[in-house]
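Please keep the model open while you read.

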Amino acid sequence: MIRITDILDQASAYLPASDVALVQKAYVFSAAAHAGQIRLSGEPYLSHPLEVSHILADLRLDAATIAAGLLHDTVEDTEASIVQISNQFGPDVAAIVEGVTKISKMNFESKEQAQAENIRKMILAMADDIRVLLVKLADRLHNISTLEFQKEYKQRAIAQETLGIYAPLANRLGLYRIKVQLENQSLRYLKPDVYAQISEGIDRYEQQGQAYIDKVCAMIQTVLEENDIKGRVKGRVKHVYSIYHKMKQRGLTLDQVFDMIAFRVVVNNLRECYTVLGLVHSLWKPVPGKFKDYISMPKANMYQSLHSTVIGPDGERIEIQIRTEEMHQLAENGVAAHWAYKEQGSKKAQEADRFSWLRQILDWQGDLKDSRDFMSTLSLDLSQDEVYAFTPKGQVKELPEGSTPVDFAYTIHTEVGNHCAGAKVNGRIVPLNTALKNGDTVEIITDASRSPSRDWLHFVKSGKARSRIKHWIGTEERARSLTLARELLEKEGRRMGVNVSKALKNGEFEPVVREFSFRQVDDLFSAVGHGRITPKQVLRKLLPKEEQKAEERKPQDRSGAQAPAKSKDKNDAIFIKGVDDVLIRYAQCCNPLPGDPIVGYISRGLGVTIHTQDCPNVANMEVERLLDVSWGGQEESKVLPARIRVICKNERGMLSQITGLLAKEGVNIDSGQFNSSVDGMSEMDFVIEVKTTTQLYGIIEKLRKLESVHEVTRFATG
């Protein structure tokens, strides 16, 4: 456990004594506030704020940030108040602590909505002071490193949020070391089978490849010395998540990932960077299309380096990164490497450039009221690399990788995007879904009679474009949904004996609005028009109590007509807030299992389809038809299908070994498909029936231990 003396020693190395005293004072306050509190691990709660502040001190941040790290949970989890923090530690520390503190005094419809609003609050706070995010990242880093003490469903939910939001935010701040740890730990809980395989593969590679790393480093060092260039060279195997990401992007197995080693050359100045690049290319043949100059065109987080992939000794693909010492410090510690204090006005312009991505998020986030929509758009906006395109007048526009002319149009102005009718790229007319490349010059053609199309949502990449399009469509569809809802309610009202017009006029819908947690009648009607609530559910609330009970006893089909009661056996595992008596089906594209984070989708005529939250198909669904769902109390009472892929040696008895193990585990094989390749390997795909993700990953781990098995993974059809 980290001690306060360790933190004070760290801070003393670069902070004046008065600042170190502030950190000491914050420790005393935090220790008193958290006295008697225990973490799930059994450690005193104080160990957590100590670890958080240690991470912040290791980044050499200012005293206010380190103090806020010690105090960040006091307002949320103890009797301390923001006023007390402000009085004792000043407005800076108080503002950071308040920005990190969750919104706890508001009622939300779901955990997802609460999560989204807390992240929205944090983003608004970090727009005023980026130190809010630095404390939150340190907080998340320590929490995810102790995640084994949480329940499995919480582990997966926290890991998913970390991978979708916090790791990309660390990347945007250039905090490479924190980003790597967040990504690796998230993968460990989201894909334990994949994480274990890649980790073992890296260990084997490091043991076998150290001699190769030493050989390449020596060759580069010799070339530097021969040309009178002072520099240092280091080789390393890439981290687990980056290898997984490459495998997923390119559809590769671990054995097919060739460029697992990266070498870094750190030199004294800019001129030497390009000199070394030429020397490396004269030594080994560069791979076409695998050179990136992030020095002349830095990343959004101000990262600078030359990247080139070459065919190294023995025909191995290796990546070479070349940078100066200053660039290296920025690459490792990002914004923390040259912290801009608020009183240093000369750095304001530089700081504005570094956080331009944050201004873009603030620009669109207010348009997205739906919490799930906000979270998915934020995750999409943060997770992508950038391309740079030019207006005809030479103005540079920074866009997410894969962006189209529609994304470009919205960076100019919302009205230009809303009335985009066509585009020219480098002087040629192109389709609106054309992916832009670095250096493209884009001219937008507008037409006042044109308006956004829902089809645009299938190809736009930027959060701003996505939010503006959805806002336009939402406004148009809301008007249509209100008209439809009125018709549906009046039709159902005639059957149930409820005069909808009279009830509206007399204000009888107001209690119903509150009961369903909406703000106004139009919101309730919109939910009916979009199919999230049935007319029967609404109108039932207007009946006298006795008639309500009688209606509830009548089973209904989807058309509203009386129907015979059906068994709820199939639905017992799923809980849908505010909805009952609805047909449930499980998506075959992702095969959700109890323990997986899930989402429901209203399928017209098919009830509600359950998908995993990370199912690729969810991203393209209409957000108005998505529902908050969770696993109920009966999730282990029935079996569900799961797909696994086994890659093994093609030898006699392998199928028997695998099926025998599955039979021993009491698992039924629903179907299987087998393919053999010329390299002596077999790929076996099975659909097996399991009850939970815990059972599934336990089986995967046992299969992996079979001698001739190379890989076992869970997979979806996509």
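1. Start where α6 passes α7 in a right-handed crossing, meaning that the near helix is turned clockwise from the far one by less than a right angle. Helix α6 covers residues 82–89 and helix α7 residues 91–100; they pack at about 150°, their axes 7 Å apart. That makes α6 roughly antiparallel to α7 (angles over 145 degrees count as such). Axes are lines fitted to C-alpha atoms, for helices over the stretch in contact, with angles from 0 to 180 degrees between N-to-C directions.

2. A word on the basis: this is a predicted model, where local features need pLDDT of at least 70 and side-chain atom pairs pLDDT 80 or more, while totals for chains, interfaces and linings use all residues. Residues are numbered from 1 along each chain as its sequence is written, and side-chain values use heavy atoms, leaving out hydrogens and water.

3. Which residues of α6 and α7 make the contact? From α6 come Ile82, Ile85, Ser86 and Phe89, and from α7 Pro91, Val93, Ala94, Val97 and Glu98 (contact means heavy atoms within 4.5 Å).

4. Now look at the open sheet of three strands, ordered β9-β8-β10 with antiparallel pairing. Its edge strands are β9 (428–430) and β10 (442–446). Strand β8 (residues 420–425) pairs with β10 over five bridges; two strands pair if DSSP finds at least two bridges between them. Lys424 stands opposite Glu443 in β10.

5. Finally, helix α19 (residues 405–412) packs on this sheet, touching β8, β9 and β10. The direction of α19 makes about 80° with that of β10. Helices (H or I, at least four residues) and strands (E, at least two) are DSSP runs, numbered from the N terminus.

Note on methods: Angles under 35 degrees count as roughly parallel, over 145 as roughly antiparallel, 65 to 115 as roughly perpendicular and the rest as oblique.
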